[in-house]
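Hi,

Here is the structure I promised to pass on to you. Have a look at it first, and below it you will find my notes on what turned up.

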Amino acid sequence: MRPSRSTRPALADARVLVVGVGGLGSPAAMALAGAGVGTIGLVDPDRVEPSNLHRQPLYTEADVGRPKVDAAAARLCAGHPRLRVETAAVRFGAGSSALLEGFDVVLDGTDSIAAKFDVNDAAVAARVPLVHAGAIGWQAQLLTVLPGLSACYRCLFEEPPPADEVPSCQEAGVLGPAVVLAGSVQAAEAIRLLAGAAPLFADRLLAIDTRTGSWRRIAVTRRPDCPSCGSVHQNTIAPRSAQRSVAR
């Protein structure tokens with residue numbers, strides 16, 4: 001995935017935060033680094049486990065037991081010496097909004113519903129564009145959130161269900177190619193935002209079923225009474241890297 005010459009300066013200056021460096025975040029981070037994104041932030045509290053290896057391409061058996069953010073940073077920097085990686089070995093929660101400071105786009109690669117609501121709410125409050133992704137079994141989904149302009153994750157799902165009702169992808173199982181595909185598409189959408197192009201999945205939920213081969217885009221409407229984005233005034237948002245490119 002190589003950007004055109006016109007977008008390379010923006011990507012070199014760009015800062016992208018990847019929350020969750022597992023099945024979704026691993027291929028997303030690899031694609032972002034390969035595209036020339038200058039700084040990638042990695043947030044994940046976990047250590048590499050043997051069960052991760054079939055669906056998380058950043059890691060090998062030699063990484064088992066290491067913090068994911070450390071193993072991921074080492075692998076990314078080894079392949080891309082000019083890349084800057086910032087890490088936080090913490091779980092993203094309701095009080096983690098400070099982690100978004102200074103980033104142009106955030107990618108949600110978490111594997112729990114509660115965490116996805118927390119990432120969404122933090123991104124909307126900070127007015128940082130968000131590319132959400134989720135996967136379970138053979139299926140994956142994506143949604144782009146432009147705070148103040150498009151529907152957010154909470155517009156679609158409103159409130160998280162009780163913790164014991166919806167298993168994480170690790171608990172329920174997930175097909176390795178499904179998460180790698182979703183993470184790669186997620187990175188491509190982030191690169192579109194950084195380059196100043198129109199997003200493909202704002203106000204549209206992309207639903208992918210790798211068992212049937214179907215790709216559907218489902219219209220999502222912003223809710224005026226949404227507790228997350230309902231009070232965010234409409235305002236044109238462009239990533240800071242895109243603004244710098246225009247300034248040139």
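Proline 27 sits in helix α2, which covers residues 25-35. Please keep in mind as you read that this is a predicted model. Proline 27 is buried, its relative accessible area being 6%. Leaving aside residues up to four places away in sequence, proline 27 is in contact with Gly22, Pro57, Val179, Val180, Gly183 and Ser184. Arginine 55 lies 28 residues from proline 27 in sequence, and the C-alpha atoms of the two are 9.3 Å apart.

Next, the cysteines. A disulfide needs two cysteine sulfur atoms within 2.5 Å, and by that rule the count is zero. For cysteine 155, the closest cysteine sulfur belongs to cysteine 229 at 3.4 Å, so the pair is too far apart for a bond. Cysteine 226 is in no disulfide either, as the nearest cysteine sulfur, in cysteine 152, is 3.6 Å away. Both cysteine 155, at 7% relative accessible area, and cysteine 226, at 3%, are buried.

Finally, there is a hairpin to look at. Strand β7 (residues 204-209) and strand β8 (residues 214-219) run antiparallel and are joined by six bridges. Aspartate 209 stands opposite serine 214 of β8. Four residues lie between the strands of this hairpin, and glycine 213 has a positive phi near 80 degrees.

That is everything from me for now. Happy browsing!

Best wishes

Conventions. Residues numbered from 1 in each chain as written. Predicted model: local features only at pLDDT ≥ 70, side-chain atom pairs only at ≥ 80, totals over all residues. Heavy atoms only, no water. Buried < 20%, exposed > 50% of the residue type's maximum accessible area, 1.4 Å probe, protein only. Pairing = 2+ DSSP bridges. Helix = DSSP H or I, 4+ residues; strand = E, 2+ residues; numbered from the N terminus. Contact = heavy atoms within 4.5 Å.
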